[in-house]
Amino acid sequence: MSSIEQLETLRNAELYDDCKTMAEFILTLDECGKDYLDNEQRLIVYRCLADSSWFLHEYHLAESYLKKLLHSYKQIERVDKTANEPDWMVESKYRQHVCLLKLNRLKEALAALEAVAFHQRTAKIHLALGQCYQKVGSSVQEAISAYRECLKQNPNTLSAYIALLALGVKLNDLLHTHPSAASIHHENQAQQPAPVTISPLVRQPWFRTLLQADACSASRDFSEASRLYQQIDAQYLPQSTYVLSQLGYTQYLNGDYSQALHSFQRAQQIDPLLLKHMDILAFLTYNECKDSSLEKLVNHLMSLGDHHPETWIAIGYYCLKKNHKPSRTVYLAQKAFALDNTKIQALLLKGLALYKLKRYSDSLNHYKDAVRLIPYCFEGYKGVVDGYLATNRLNDANMFITNAVRTNLKENARAFTLCGQVLAKEVSSLDKARVYLEKALAFNPKYTDAVISLVEVYGQLKQQQKSIELLKEHVQMNNDPRIRQLLIENLMKSGSSEEMLQQVVRNYPTTHFERLEREMNDDSSLDGGRFDTGPMGDLDPMGDDVIGENFSDEDL
């Protein structure tokens, strides 16, 4: 058996370390002139080296050998130069593109895929092409065409459906079976595309509802998307980690942190090996001050391995909460981002840690990177605004968030509330602040922060009666004790009778009122309350009070 045949037995047995070592020996003998290789043999050696490096996740080395493999293949003289490339050659080009993506060489990755002849592109190649077109920022039409070709070959590719919805293709167009009805709503549309092959799954109610939910998520109607995912969870797929993960993600984007936390926890209980969105679960656990749960999550993710960015993000939040070490969190967030530069939570975590270190300029840069990465994620905008306010750049904060609500955060109650809060910092723009806060409540009538901020603005505008009417309206639908407390305090400021105050307390009992009941007989209590009519206080930057426990680094 020749050395080349022995090498192939190692590769076929998936003994990649030994295969790689043996291949290097053979190449060395060839270079030294002791055992010459012809072009065919050299091609086999490079293929074994590329395969071994690929399966060992040595992407930089694999890309180098794949390039040599492709070059060697071109050197071989073939009788029929128009014949199709072998399947392993197409797969090698696909792997080369994956390696180049890992190395953040996007344009070269796209070129590697485009080198595959069109008639030899599989559904996998077309899907990867669509994703590369999006990452590189090429024509939207090119990405849409690639995804449609993927669906023609395999109509069950859910990720292609989701990508097409995100690119502006209407759901009804995707589900149409008539060529004349299939159209893409895009301003640069040149011609009617051929219809995609319809998946048999479309006949299933759960799949159609799932596509509707994905369509709402793509159009940034996160409230409706959450409702549809909840419907799927309740009626069709109660144990689906995909549905629960998507539900938690849309709830997170919609600002429903408590509900998102519950959804992600359910998903993790069903599949303890789940990694998708576990970085968001770490943030939500940190934000809800659930220290023991955060520690358990960190230990669990560490047991799954340290080569996942979610693990380092969770450890970063743990250090921030337990160890009070923002500087170490900066390092951990950077490590997570190095593993996956599409992880917005790594940028948000690093921005937060830098903010705590009072490195506001650096924090601003990272939050702006987060906004560029996912323009519809509110947390990035909140970080930028906090950074501007911390450096006394009120005008910049105002311009930034005002532009956001006009572009990427339309109909976002949290964004309009933040805009109103920033505007309310100047007496001259109180009326504008009121308008934005009222719009925020129109988008989400139960958003407590908008109610509280609007009450403060009404107070500064000397519109006490409007404050009381607003609070009376919302105390019926909102169980937040702050609303009830504000109602009592505003009634006290307006000089309402003791009988009316006691009636409100009886109708809406809460522990917050015990202090107020004691103050009712004290005349001085009518002079002011927790919310006075002076200027609004500073916004709570990041809203993340830290528990006063100290853990050593060894606790990790």
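What you're looking at is a predicted model, so local features need pLDDT of at least 70 and side-chain atom pairs count only at pLDDT 80 or more, while totals for chains, interfaces and linings use all residues. Residues are numbered from 1 along each chain as its sequence is written, and side-chain values use heavy atoms, with hydrogens and water left out.

Okay, the chain overall. Of its 556 residues, 49% are buried. Buried is under 20% relative accessible area, exposed is over 50%, and partly exposed is in between, using a 1.4 Å probe and protein chains only. Now take the contacts, meaning heavy atoms within 4.5 Å. Among those with a separation of 6 or more, 56% come from residues 24 or more positions apart.

Let's zoom in on one residue, Q96. You'll find Q96 in helix 5, residues 87-102. Is Q96 buried or exposed? Its relative accessibility is 10%, so Q96 counts as buried. Leaving out residues up to four places away in sequence, Q96 touches E63, L66, K67, L70 and A112. Look at K67 in particular: 29 residues separate K67 from Q96 in sequence, yet their C-alphas sit 7.7 Å apart in space.

Next, a pair of helices. Helix 25 is residues 448-460, helix 27 is residues 481-493, and their axes come within 10 Å and cross at roughly 15°. An axis here is a line fitted to C-alpha atoms, for helices over the stretch in contact, and angles run from 0 to 180 degrees between N-to-C directions. That's why helix 25 and helix 27 are called roughly parallel: the label covers angles under 35 degrees, with over 145 roughly antiparallel, 65 to 115 roughly perpendicular and the rest oblique. Who makes the contact? On helix 25 it's T448, D449, V451, I452 and V455, and on helix 27 it's R482, I483, L486 and N490.

Last stop, cysteines. C48 has 0% relative accessibility, so C48 counts as buried. C150 is buried too, at 1%.

Technical notes:
Helices (H or I, at least four residues) and strands (E, at least two) are DSSP runs, numbered from the N terminus.
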